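This briefing goes through a few local features of one protein structure. Look at the sequence and the 3D view, then read the points below.

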Amino acid sequence: MDIGVGHLLGNGGMQFVEAFSEDDIREVLVDANEHDKTVNIVSGGTKRGYGGTLEEADILLSLANYTGIVEHSVGDLTLTVRPGSTLKEISDELAKHGQCVALDTHWPEKATIGGIVSANDSGAKRLLYGSARDLVIGMRVVYADGKVIRTGGKVVKNVAGYDMNKLFIGAMGTLGVISEITIKLRPLPKYEGLSLLQFKGGSMQDIRDFSVSILDSMMEPVSLELLNPSIAEKMTGNRFYTLAIAFEDREKAVLDQENWITNQLPSGVKHFELHEEEAQQWWEKFRRVGPNGHNDQTNDADTQAALKIGSNNLDIPANLEAAESLVNQHHVAVEAHGGLGHGISRVYVKGFPEDIASYCKALRSKVEAKHGYVICTHLPFSLRDTVGVWGEKPSYFSLFEGIKQTNDPKRILNRQRFVGGI
């Protein structure tokens, strides 16, 4: 692992330390706290390009080998696991028992559960599955001074007191090192179907109206994901705005909902369906789109960025259209998709560094004009100050500062990795 100065994505460390247990984590943090050393945290490395304006810390603490299932309660549909376990490793083990973790984040063979939870990552099926915030029911966390706390519990119906889990989910490792995670599970779906609707005319109003009709109906899609033409071409071979509508249920329930889609199709929309293994293979390919900490390059012309847009769910077509409209002006290539059920869009940009920087700023301006936000979930280190990973500080930033001061007063953990340089 490249840990030193000059790494394209930064977030390295002068000294590389591997943890194989919670005690190892504690020892590193106690020593760092006593000697005022900074610590960056890494596991699978897929999110190394997400945040961080400090190129390297004194220590790079790796949890990649702190793996394995601690406890699997099949009857209670809960799993307790160590943070270095990849989503694929967990999914493969759970499949033996007919269960799954309801997360469909990208690059599952490399993304670890600790990183997914720390970033509150989610995928296109967030419409039904939710995000990590909806699934984590308990954690063990090591504070910067080495103190270990437990939040939540190991049963789904644990509702006593404040839900402290949410404090650490999405905090990018700035409040503590997660050493154990308990997640609620789902049974594997009995049957899967995927309907792909290609809007040849590219009418955003048609796409929006059809999506509203689904959301207002009795249908229960797992995803309602809109793909822009470039990513649709990669996934389907045809360069049209495309809706990917997934259903997971009993076979009859899936087929009945697909029949409803067929009967409600707007004129001129091409429609085809994938089932079971074909649908699963489509999603496996889809989850390998976009940059991560392992597939970026140093060639300027192939510089990559990934943006996350949060907005009103029905603004997704307008956001993807805005992302497309800026391509020629800023000389970049763009692939994008967004969920009309949950309001999260992903935009993947490739080009020269200066063009990516100007594109990100222009797109942020357009999205913020409609009261949305844009953050950079993957960006070369050299561009982070220029672009601003998180945008402007929110009005409630003082709350973040107060929590950071309480949990990590010496600012040891993942310094400058979160909003406002926390």
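How many residues does helix α7 have, and what distance does it reach from its first C-alpha to its last? Helix α7, residues 204-215, has 12 residues and reaches 16 Å, close to the 16 Å expected at 1.5 Å a residue; the expected span is 1.5 Å times one less than the number of residues. This is a predicted model, in which local features need pLDDT of at least 70, side-chain atom pairs count only at pLDDT 80 or more, and totals for chains, interfaces and linings use all residues. Residues are numbered from 1 along each chain as its sequence is written, and side-chain values use heavy atoms, with hydrogens and water left out.

**Helix α7**

- Helices (H or I, at least four residues) and strands (E, at least two) are DSSP runs, numbered from the N terminus.
- Met204, Ile207, Phe210, Ser211 and Ile214 are the buried residues of α7, where buried means under 20% relative accessible area (1.4 Å probe, protein chains only).
- Seen down the axis of α7, these residues fall within an arc of 135 degrees, so they line one face of the helix; the arc is that of the directions from the helix axis to the C-beta atoms.
- The cover over these buried residues includes β11 (191-199), β12 (223-227), β13 (241-249), α9 (251-264) and α11 (316-325).

**The three-stranded sheet**

- An open sheet is formed by 3 strands in the order β1-β3-β2, with parallel pairing; two strands pair if DSSP finds at least two bridges between them.
- Its edge strands are β1 (12-18) and β2, each of which pairs on one side only.
- Strands β1 and β3 (residues 56-62) run parallel and are joined by 6 bridges.
- Glycine 13 has alanine 57 in β3 as its bridge partner.
- Helix α1 (residues 22-34) packs on the sheet and touches β1, β2 and β3; contact means heavy atoms within 4.5 Å.

**Asparagine 40**

- Asparagine 40 lies in strand β2 (residues 39-42).
- Asparagine 40 counts as buried because its relative accessibility is 2%.
- Not counting residues up to four places away in sequence, asparagine 40 touches residues including Asn11, Gly12, Glu56, Ala57, Asn414 and Arg415.

**Threonine 182**

- Threonine 182 is part of strand β9 (residues 177-184).
- With 1% relative accessibility, threonine 182 counts as buried.
- The side chains of threonine 182 and threonine 80 are joined by a polar contact of 2.8 Å. A polar contact is a pair of N or O atoms within 3.5 Å; within protein, one must be able to donate a hydrogen and the other to accept it, and residues adjacent in sequence count only if both atoms are side-chain atoms.

Notes
Buried < 20%, exposed > 50% of the residue type's maximum accessible area, 1.4 Å probe, protein only. Axes fitted to C-alpha atoms, helices over the stretch in contact; angles between N-to-C directions.
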